[in-house]
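Work through the exercises below with the model open beside you. Try each task before reading its solution.

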There are 2 protein chains.
Amino acid sequence: MTWEANQKNINTRILTLGEQYWQRMQGDVPSLFDRQYWQGQILDWIMDDESFKVDAFRFVDVLPALHSTPAIASHVQDYLLKSDRKLPVLVRSALSMASGGIAAPIATRAIRANVTEMARRFICQSDSKKAVAVFKKLADQNLTFTADILGEATSSDSEAERYVQKYLNLIELLATAAEKWPDNPLLHLSASGPLPKANISVKISALDPYLDAADHNGSVARLKEKLLPLLRHARTHNVFINFDLEQWSCHNITYDLFEAVVLHQDLVDWPHIGLVVQSYLKSSENDCSRLLALSKRRGTPFTVRLVKGAYWDYEVVHARQNGFSCPVYTNKGTTDASYEHLTRLLIENHELISPAIASHNLRSIVHALVAAEYKSLPKNSIELQMLYGMAEPQRLTLAKDGYRVRVYAPIGELLPGMAYLVRRLLENTSNSGFLRQSYHEGVSISSMLAPPAAGQDLINVSASPPTDLTSPFTNVSLLDFTLQEVRYRFTQALSSTGEKLPFEVPVVIDGKTIHTTKQKNHASPNDPSLVVAQTSQASISDVNEALESAVKIFPAWRDTPLTYRAELLEKLAHRLEADRFELAVLQCYEVGKPWREADADVAEAIDFCRYYARQAIKELGPVKQGDMAGEENILHYEGRGPCVIIAPWNFPLAILCGMTTAALVAGNSVLIKPATASTAIAYQFYQRLLEAGFPQNVVHFLPGPGDEIGNFLVEHPDICQIAFTGSKEVGLSIIEKSGKTIAGQAQVKQVVCEMGGKNAVIIDDDADLDAALKDVMHSAFGYAGQKCSACSRIILVGEIYHAFLPRLLDACKSLPMGMATEPGCRLGPVIDQTAHKRLESLLANPPDGSKIHFSGEAPSSGFFIAPTVFEVIEPTNALFQQEFFGPILTIIRARDFQTALDMANSTEFALTGGVYSRSPRNMASARQQFKVGNLYINRGCTGAIVGRQPFGGFGMSGIGTKAGGPGYLLHFANPRCITENTMRSGFTPDFHM
Amino acid sequence: MTWEANQKNINTRILTLGEQYWQRMQGDVPSLFDRQYWQGQILDWIMDDESFKVDAFRFVDVLPALHSTPAIASHVQDYLLKSDRKLPVLVRSALSMASGGIAAPIATRAIRANVTEMARRFICQSDSKKAVAVFKKLADQNLTFTADILGEATSSDSEAERYVQKYLNLIELLATAAEKWPDNPLLHLSASGPLPKANISVKISALDPYLDAADHNGSVARLKEKLLPLLRHARTHNVFINFDLEQWSCHNITYDLFEAVVLHQDLVDWPHIGLVVQSYLKSSENDCSRLLALSKRRGTPFTVRLVKGAYWDYEVVHARQNGFSCPVYTNKGTTDASYEHLTRLLIENHELISPAIASHNLRSIVHALVAAEYKSLPKNSIELQMLYGMAEPQRLTLAKDGYRVRVYAPIGELLPGMAYLVRRLLENTSNSGFLRQSYHEGVSISSMLAPPAAGQDLINVSASPPTDLTSPFTNVSLLDFTLQEVRYRFTQALSSTGEKLPFEVPVVIDGKTIHTTKQKNHASPNDPSLVVAQTSQASISDVNEALESAVKIFPAWRDTPLTYRAELLEKLAHRLEADRFELAVLQCYEVGKPWREADADVAEAIDFCRYYARQAIKELGPVKQGDMAGEENILHYEGRGPCVIIAPWNFPLAILCGMTTAALVAGNSVLIKPATASTAIAYQFYQRLLEAGFPQNVVHFLPGPGDEIGNFLVEHPDICQIAFTGSKEVGLSIIEKSGKTIAGQAQVKQVVCEMGGKNAVIIDDDADLDAALKDVMHSAFGYAGQKCSACSRIILVGEIYHAFLPRLLDACKSLPMGMATEPGCRLGPVIDQTAHKRLESLLANPPDGSKIHFSGEAPSSGFFIAPTVFEVIEPTNALFQQEFFGPILTIIRARDFQTALDMANSTEFALTGGVYSRSPRNMASARQQFKVGNLYINRGCTGAIVGRQPFGGFGMSGIGTKAGGPGYLLHFANPRCITENTMRSGFTPDFHM
């Protein structure tokens with residue numbers, strides 16, 4: 001009789017067995033939930049007040065970074081003592097003591113001690129040697145363990161190297177200790193044979209700072225090289241190694257890596273290795289099948305730890321923010337049902353795989369016991385795993401019953417362990433979790449032992465592409481490089497485009513393709529010997545012809561229905577999306593943009609089309625004004641006239657597309673003057689404009705020298721509008737020239753102008769340095785710092801300098817440089833020889849008052865500049881004031897947060913800025929005082945997303961327009977208000993009396 | 001026993017008597033409702049389909065103006081055959097015939113004939129002689145009459161004169177005819193004695209083109225002079241004269257006029273005169289009491305016709321649009337109850353007043369009969385009145401019963417009669433009307449005879465002033481000059497301000513009042529010998545001092561809470577409203593603005609404050625962007641820096657206030673450079689700014705020479721923003737100067753710039769000329785044409801020229817000119833000697849290719865220019881292209897509507913425009929093609945209202961900003977987007993799983 005057919009009896013058995021265990025555990029509460037202790041009380045409040053939970057966890061998160069009484073006091077005040085919060089009087093007065101006054105030092109010490117105590121429930125010891133004693137104690141309780149090293153995020157090769165060393169040391173330490181531990185068949189003998197007494201869980205993300213799904217093969221290869229010696233070492237010392245499974249983005253790399261090492265000749269017959277299956281993954285059943293097949297192929301079994309998964313918030317947010325299909329189930333019942341299904345699958349295949357059931361949920365555990373029982377397997381054919389500090393009554397009862405229970409025991413400092421603590425607290429307090437339900441909510445044991453039911457996903461994450469204008473705007477998904485097919489298509493596109501180079505780029509007027517005798521070649525920044533584009537150069541007479549056409553067609557285009565123009569944008573979006581690989585890889589060649597950045601540029605272009613299409617209808621279309629009987633007032637917007645688009649090369653598709661589509665949808669005819677360094681991509685875009693249906697006399701394509709035809713256009717009386725993105729110098733000169741109204745001009749010229757930036761990131765003394773370092777590296781060196789939004793200044797508050805600078809320099813040292821066509825490239829070349837020379841000369845002759853902390857070696861072929869870190873003392877230093885547009889970062893120290901804000905605001909630019917802080921009051925100050933167009937709190941300062949972070953600055957950075965945001969289109973349009981007096985002969989349709 | 005105490009019995013009596021009448025009338029349907037005729041059928045559809053009703057009435061309204069088959073055909077198509085309209089197949093096919101094709105001439109003739117037939121039901125004859133025969137026929141049916149002359153609106157003295165002549169002729173004609181009519185005691189003998197056989201109803205609005213509540217005394221005096229001879233003539237010829245009562249705006253004038261004439265020695269003992277009480281007026285009970293008192297005082301009774309009132313739509317809309325307290329009840333039951341109450345009041349006082357009960361409502365009529373019966377009065381103590389063509393069964397039955405029934409019989413052409421026809425159709429089809437309910441809806445007679453119940457007003461019209469920012473924006477009420485108290489306060493304010501002149505106007509920096517030695521005097525345009533302002537002149541060093549202060553305070557002001565700044569605007573609005581009389585009368589003196597225009601300017605200023613206060617919170621305040629888990633994106637707007645306001649003199653308070661408050665509420669510090677010709681008003685405004693609480697270092701007051709300090713400010717690097725309203729030349733030069741960015745400048749300068757206009761009104765060949773003429777006179781000559789929105793071109797389509805031009809010239813001839821301080825002034829002086837000279841020289845040397853149709857005599861004291869009408873042939877003529885800013889109107893003929901649109905669009909300006917047309921397709925073309933910032937259909941092209949008609953143009957008229965509209969404030973602000981990554985340590989508050 002199958003399990004399914006016997007369902008009812010089995011559930012009765014699970015209920016009976018579960019209730020027995022529950023009875024036996026009665027009176028024994030997990031220590032965290034014990035209300036005799038303050039943690040138990042705090043936990044109660046947390047579970048009763050969602051906002052207090054958020055603040056309390058955030059306070060716990062930042063606490064280890066607070067090193068003084070005033071620091072703790074202000075955070076207590078900001079997080080826990082919010083004036084509108086209801087707190088028990090005793091708690092408020094206790095906390096108030098900590099927030100200032102004479103008792104503060106004592107009170108804050110008490111708080112720190114208490115939180116530390118809480119952390120100690122989950123983190124077994126701060127160092128491995130002390131941990132050995134804990135493992136011994138566990139063994140005395142008939143419990144075994146797996147040791148985990150808590151860690152900071154790894155951001156450099158040297159940090160990764162330190163982790164490898166830590167694992168090697170731990171192997172030796174535990175092996176040595178284990179020799180002295182007595183044999184215990186309950187712990188050290190499984191159904192398939194003896195087990196090592198020592199057991200370590202390894203996180204592969206700690207071993208490589210540049211793990212990247214896009215660079216899948218590179219990542220697997222590098223990790224394999226690092227892991228093989230470690231695994232051989234473990235085998236030699238008879239230590240079991242389990243690979244932990246982290247975020248979904250590492251999943252495929254981890255699985256491929258595992259496959260590679262377990263099949264390696266040195267390890268293929270070694271059973272003491274394991275991997276994890278996360279049942280919340282939609283891929284989990286495939287994952288199991290794959291592992292079963294692997295075991296068969298290998299011939300030697302290995303262990304699979306079955307968990308539910310601990311990165312749920314992160315996975316959902318990450319998938320949403322990138323538009324990826326969500327990798328996890330968002331229905332708790334589905335995850336639980338999947339868990340049980342996989343439990344049985346593993347148990348059925350216990351000869352191929354040793355199942356380790358890791359859960360604190362009594363139903364999940366008992367289900368596994370019954371499943372094994374149903375197969376008449378001995379108790380030691382499965383292993384039960386639980387986390388250190390959790391569900392203590394269960395683990396003891398199960399051990400007493402003769403099951404092997406392994407405790408997952410983290411070792412490490414409080415500081416790096418806080419993220420772990422927060423995850424544990426979340427798990428304990430989760431609304432749908434077993435622990436909360438049983439120990440806090442008092443849900444009946446029988447209902448908690450009921451079989452889980454799979455259900456609909458509660459949160460719809462994966463966005464299907466919008467099909468018409470009535471759908472709300474959604475960002476297009478980024479390429480999901482975790483998918484092999486995506487990597488394959490990208491690689492294929494790279495080679496097929498590579499074969500077609502150089503591209504011939506013509507002038508196009510009225511759809512008429514003109515190949516001029518005057519041509520200009522553009523070389524790939526990756527490799528100057530590779531010509532990417534041969535571009536015809538428009539003459540003044542070409543420009544005049546285009547202008548004449550644009551003037552002539554303008555009225556008809558202006559008067560086309562708005563929805564028609566918006567639909568063309570929608571069609572263009574589809575065209576760009578269909579060709580996204582082609583459009584991205586061309587950027588790798590033409591402007592030296594790495595994979596992910598090139599993809600993001602294409603995605604932004606698509607987003608602009610869809611966003612402006614919808615905004616056009618919303619903002620430009622008719623809106624009733626006032627509410628008055630006897631009259632009807634309608635405000636709408638119309639095109640202004642011929643508009644010239646002067647586009648930059650650094651976002652060669654996105655910005656060009658954004659400015660062009662905004663001008664077009666608003667009803668203007670357009671002349672595109674593409675950047676000289678990115679004409680090939682511009683022409684690809686232009687062709688798709690026509691294919692999408694934009695009339696050929698409405699938009700013209702005029703590559704050529706900016707100082708010649710750009711100026712001619714800007715000064716021409718027939719031009720009504722200029723949209724420009726580029727340097728401050730050119731921008732200001734365009735504004736000045738357009739200010740002059742010439743006789744015969746139809747409109748006062750409007751200029752939409754985005755200029756430079758000198759963007760600062762402030763790192764507060766309580767910042768999360770893992771996050772800050774990762775993001776700053778990306779904001780400063782992504783696309784070689786060639787973004788107007790790039791981070792080029794870091795302001796370090798107080799003593800954080802000492803913690804941050806070494807890690808920053810280490811990270812720079814190991815930053816992978818190379819051709820942008822390579823997936824592993826983190827720092828590509830700068831755009832051309834001029835830029836290269838300019839930056840080299842800066843490095844050769846840095847301004848006085850500065851110190852170079854680091855400047856690496858750059859590859860000699862291609863226009864490479866190594867990442868460079870300067871430090872200055874004075875904020876007036878040129879390195880702190882001028883835009884360099886390259887991988888050049890200047891740091892400065894600030895006495896306090898206010899000084900940091902003043903320094904940040906001290907330039908003429910006001911584009912982007914970032915703040916890393918966990919101090920609510922400092923975050924509030926930044927919101928108020930950090931005067932930039934786009935401020936990011938605890939996030940990098942590049943990568944504004946259309947519709948979410950309307951982009952643009954003021955000061956000398958721009959005139960206050962917000963690309964990809966509300967109001968942008970209005971800058972391209974004239975408003976008209978049409979009023980009709982609806983009363984005739986004393987009769988109005990307003991009333992029906 | 002009182003009426004009230006006997007209520008139940010009386011109602012039973014009314015029900016019984018009413019049912020008897022109803023029985024006796026059965027089988028007899030008012031002809032209009034007879035479904036045997038097509039009118040009956042059309043009426044059915046109209047009552048079943050509200051949108052068809054609107055279109056059908058509009059078609060009827062325009063029909064008399066259509067003189068050709070194609071014209072009728074296109075209107076049939078546009079109004080009646082809308083594609084989405086459900087029409088009976090037969091109707092659609094009949095109408096389709098008329099809309100084009102071979103049968104169109106016959107079909108359109110048929111339509112015209114049918115509508116004419118319908119009109120003939122209500123208009124007894126086209127001329128008085130023919131009408132006499134109709135009156136004879138009525139007499140044969142035992143019905144008597146009052147004759148009414150249908151008329152166009154009177155727009156000139158000569159038209160008014162023609163009406164007087166028509167009445168005189170009618171008196172003689174009817175008197176002569178009456179001699180031959182046999183005596184009929186039923187018709188010619190009332191309880192108080194014999195009645196004239198002839199009876200005429202007079203509309204006083206026909207007798208004076210410049211009736212104006214503001215000029216109450218002038219209006220009454222002029223009318224009295226015109227009416228006395230007419231009334232003497234009537235008395236001599238024994239013809240009864242009844243004063244009709246029209247819109248509420250003429251009510252008080254009519255009553256005062258009536259009082260004046262009936263007490264005149266020549267008429268005091270003449271009983272054959274009457275007036276109307278409209279029971280829908282909230283004042284109706286007072287009106288009755290006043291008339292009773294008047295009769296007592298006079299000693300000779302007169303007649304009062306009690307009606308319900310026929311201008312309901314108009315009164316409600318007019319009150320709403322001006323913010324007046326609504327003069328009429330908006331609950332039908334209240335009007336009916338008031339009618340019955342007044343019926344009894346009149347009957348009780350039948351010895352003082354002869355009651356004429358004018359109604360078609362059987363309940364109202366029977367109630368009157370019973371009320372008279374209750375007082376045991378003879379039947380001829382009251383008179384019943386009904387309109388020609390309506391309620392025929394009732395009038396016959398009542399006459400048969402021995403009541404005197406008088407038929408109100410309009411005489412006149414179809415064309416001027418159409419408004420009358422539409423009113424009758426409305427009355428017949430009104431949802432709550434007796435006729436519709438009884439003959440269309442089939443409501444039971446007993447329920448229609450039930451006593452009316454007064455109830456709540458259904459439509460809330462009078463707006464109470466907003467008390468805080470959370471209330472929605474409403475326009476402040478204009479001054480209601482129908483109220484004596486308002487006229488009194490205005491006059492008082494004029495004299496008290498007059499006594500204070502000249503005003504000393506200082507420079508004010510940081511609240512420090514500076515009287516400079518350099519002073520400039522400004523004379524009143526009404527009277528150059530009167531100095532209105534003696535103004536200190538700011539020096540460059542004063543300006544520098546103010547700038548320094550504005551730069552210094554800016555960051556603090558920018559960072560004040562938005563709501564705080566918005567509340568200051570709200571306070572300012574209260575201050576301005578409290579002082580509205582003072583602020584208006586000063587404009588009469590300083591800039592020569594007539595009463596109503598001066599009041600409108602103050603009201604607009606108040607509106608700007610309240611509108612921008614609310615818009616600031618809505619548009620500048622934080623708005624969430626996107627909807628993404630794990631991040632929070634907030635967009636808001638902040639001030640840009642010191643802003644200079646360069647204000648014009650023509651809206652000396654409104655525009656200054658609008659620009660200043662916009663800049664301030666957006667968080668900018670402000671330097672006011674007032675117009676030289678209106679410093680006194682500007683200073684009044686500035687003082688109220690400080691009184692309202694704006695800090696004295698945030699806003700500075702710098703009167704002085706524009707070419708000196710204006711330019712200095714515009715070019716100064718510390719100025720971030722310029723708001724300017726004025727001439728094209730100055731505007732363009734400001735734009736050019738601000739385009740130049742100087743080293744050290746914090747922001748690229750933004751310019752908000754409103755420049756000139758050359759605004760056209762197109763008068764289509766089917767236009768309502770009464771409305772067009774009235775509005776065009778106001779748009780062209782209101783404030784002497786000194787508005788950027790003023791109408792300075794009229795484009796006459798097709799043959800309308802011949803009908804329109806003579807009326808226009810007549811209207812110009814009689815336009816009352818004079819000092820703006822006089823309430824009767826319709827055309828005041830131009831601003832100063834320079835303007836006066838410039839315009840005089842234009843009149844002396846008009847451009848070639850033009851013809852002066854009319855240029856009147858201007859008063860010699862003061863800077864007066866008479867209204868002038870040019871005609872040109874070519875639209876390229878300077879008179880048709882250049883802005884003159886004076887009471888100069890240029891007309892041109894256009895072959896067709898499209899040519900008219902092209903001519904309208906042929907200037908460099910694009911500010912306002914107007915179209916008078918009743919052709920849906922031409923109105924649609926104008927909406928699409930008439931390219932101006934503010935287009936008005938069937939409304940004058942001046943007088944945009946804050947919040948309802950966002951104001952501003954493009955081309956050389958402006959840069960597309962909309963004062964008093966959405967988005968205006970954004971031009972004064974920088975956007976900032978603040979993004980917080982809300983995920984920390986893998987935990988985000990977005991989900992509660």
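A salt bridge is a side-chain nitrogen of Lys or Arg within 4 Å of a carboxyl oxygen of Asp or Glu. This is a predicted model, where local features need pLDDT of at least 70, side-chain atom pairs count only at pLDDT 80 or more, and totals for chains, interfaces and linings use all residues. Residues are numbered from 1 along each chain as written, chains are lettered from A in the order written, and side-chain values use heavy atoms, without hydrogens and water.

**Exercise 1. Describe the interface of chain B and chain A.**

Step 1. Take the contacts (heavy atoms within 4.5 Å). On chain B, 93 residues touch 93 residues of chain A.

Step 2. Take the buried area, the accessible area (1.4 Å probe) that two parts lose on being put together, summed over both. The two chains bury about 8,800 Å², with 57% of it on carbon and sulfur atoms.

Step 3. Look for salt bridges. The rule finds 12 across this interface. One joins Asp559(B) to Lys931(A), at 2.9 Å from N to O. On the side of chain B that touches chain A, strand 32 (residues 973-981) gives the largest share, 8 residues. Strands here are DSSP runs of E, at least two residues, and helices are runs of H or I, at least four, numbered from the N terminus.

**Exercise 2. Find what the pair Tyr686(A) and Phe701(A) ties together.**

Step 1. Apply the ring rule. Rings of Phe, Tyr and Trp (its six-membered ring) pair if their centres lie within 6.5 Å; planes under 30 degrees apart are stacked, over 60 edge-to-face, the rest tilted. The search finds 36 aromatic pairs over all chains.

Step 2. Classify this pair. Tyr686(A) and Phe701(A) are stacked, 5.2 Å centre to centre with 25° between the planes.

Step 3. Tyr686(A) is in helix 26 (residues 679-692) of chain A and Phe701(A) in strand 20 (residues 699-701) of chain A, so the pair ties together parts 15 residues apart in sequence.

Step 4. Check burial (buried: under 20% relative accessible area; exposed: over 50%; partly exposed: in between; 1.4 Å probe, protein chains only). Both Tyr686(A) and Phe701(A) are buried.

**Exercise 3. How many residues of helix 16 of chain A are buried, and what follows the helix?**

Step 1. Count. Helix 16 (residues 392-400) has 7 of its 9 residues buried.

Step 2. Name some. Among them are Glu392(A), Arg395(A) and Leu398(A).

Step 3. Gly402(A) follows helix 16, with a positive phi near 95°.
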